[in-house]
Amino acid sequence: MTGSTRWYDAEQLRRISEVTIAHYDRLAEAYWDGTRDHDVNQNYAALLDAIEGDPPYSILDLGCGPGRDLRYFRSLGHDVVGLDGSAEFVAMARSYSECEVLQQDFLAMELPESCFDGIFANASLFHVPSQELPRILAQLSETLRSRGVLFCSNPRGSNEEGLSDDRYCCFFDHDTWRDYVTAAGFFQVSITTAHWGCRATSSGGSRPSGAKGKVRHASRPSGSGGALSDVGVWRMVHPSGSGNSSFIDKREWQILRKGIGAEG
Ligand SMILES: C[S@@+](CC[C@H](N)C(=O)[O-])C[C@H]1O[C@@H](n2cnc3c(N)ncnc32)[C@H](O)[C@@H]1O
């Protein structure tokens with residue numbers, strides 16, 4: 001296991017993605033069996049309720065896994081695209097959802113600019129090493145239309161990161177995650193706490209250990225009872241002059257500048 005105090009070079013980052021994706025490739029069928037019936041209706045609603053304007057919406061399911069959520073969004077008539085690094089999941093998701101699914105590494109994504117009304121990142125962004133998170137969040141903001149919405153659900157921890165059961169995981173606390181997302185120009189629509197891996201919240205993942213220190217190592221717990229996730233909805237507002245025609249109002253601009261990140 002490694003902590004986030006070290007800096008990974010390009011080859012090490014490539015290897016981190018490779019190992020994590022291989023984990024899901026290996027366990028793809030078991031993962032699907034274990035999560036296909038998870039009730040994530042609250043997460044769907046959190047994203048869809050925050051998107052402005054009339055449906056259908058253009059949605060990116062980031063780290064879509066086997067396609068449960070793609071299929072749901074498609075069933076509502078939305079225009080949904082999946083993205084995942086696991087070849088097994090990509091094949092399963094294409095077949096199950098009949099949606100377009102891109103096979104891409106989070107750390108090397110090619111995404112269109114100002115394309116999506118919403119991004120659904122259910123139990124996926126916690127696999128991005130903190131070193132790369134600002135770049136990835138900036139990329140996600142660019143692929144959203146102005147006032148587009150990022151939904152993310154991540155297991156909560158105390159800022160540990162590293163390899164945990166063959167997957168690279170970051171387990172941030174609430175404030176740390178908020179700081180990353182607001183630094184990328186998003187402001188908070190809502191944050192709720194949920195039980196990790198349970199019905200009506202999110203799926204997959206493991207909860208963090210109780211190690212001490214500011215930056216800690218990730219480790220997989222022996223059990224999952226009581227693990228929490230932070231379920232956040234964030235809005236991207238591109239400032240005027242960025243080439244995007246939408247303007248933010250004075251209050252939103254103040255919130256962004258102060259980095260408070262709370263809409264309501
Ligand atoms: C815990 S699963 C969540 C899957 C799905 N969103 C769900 O809720 O069931 C994490 C997903 O992130 C994907 N993933 C992890 N690291 C990745 C990377 N570096 N690039 C692309 N996908 C990755 C995995 O293949 C997996 O589908």
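1. Helices α6 and α7 (residues 174-183) pack at an angle of about 50 degrees, and their axes are 9 Å apart. Axes are lines fitted to C-alpha atoms, for helices over the stretch in contact, and angles run from 0 to 180 degrees between N-to-C directions. The two helices are therefore oblique to each other; angles under 35 degrees count as roughly parallel, over 145 as roughly antiparallel, 65 to 115 as roughly perpendicular and the rest as oblique. Helices (H or I, at least four residues) and strands (E, at least two) are DSSP runs, numbered from the N terminus.

2. This is a predicted model: local features need pLDDT of at least 70, side-chain atom pairs count only at pLDDT 80 or more, and totals for chains, interfaces and linings use all residues. Residues are numbered from 1 along each chain as its sequence is written.

3. Which residues make the contact of α6 with α7? Leu-133, Pro-134 and Leu-137 of α6 meet Tyr-180, Val-181 and Ala-183 of α7, where contact requires C-beta atoms, placed from the backbone, to lie within 7 Å. This contact has six nonpolar, no polar and no charged residues (Ala, Val, Leu, Ile, Met, Phe, Trp, Tyr, Cys and Pro count as nonpolar, Asp, Glu, Lys and Arg as charged, and the others, Gly among them, as polar).

4. Helix α6 (residues 133-143) also lies across β1 (58-62), β4 (116-122), β5 (144-155), β8 and β10 (228-236), and runs at about 140 degrees to β5. These strands belong to an open sheet of seven strands with mixed pairing, in the order β3-β2-β1-β4-β5-β10-β8; two strands pair if DSSP finds at least two bridges between them. At the edges are β3 (100-103) and β8 (186-195), each of which pairs on one side only. From one strand to the next, the twist averages 15 degrees.

5. Strand β2 (residues 79-84) pairs with β3 in the parallel sense over four bridges. Asp-84 has Gln-103 in β3 as its bridge partner.

6. The axes of α4 and α5 come within 8 Å and cross at roughly 25 degrees, which makes α4 roughly parallel to α5. Leu-70, Arg-71 and Arg-74 of α4 contact Ala-93, Tyr-96 and Ser-97 of α5. The residues of this contact divide into three nonpolar, one polar and two charged.

7. The buried residues of α5 pack against α1 (10-26), α2 (28-35), α4 (68-75), β2 and β3; a residue is buried if 20 or more other C-beta atoms lie within 10 Å of its own, exposed if 12 or fewer, and partly exposed in between. Following α5 is Glu-98, whose phi is positive, near 60 degrees.

Definitions and conventions. Two residues are in contact if their C-beta atoms, placed from the backbone, lie within 7 Å.
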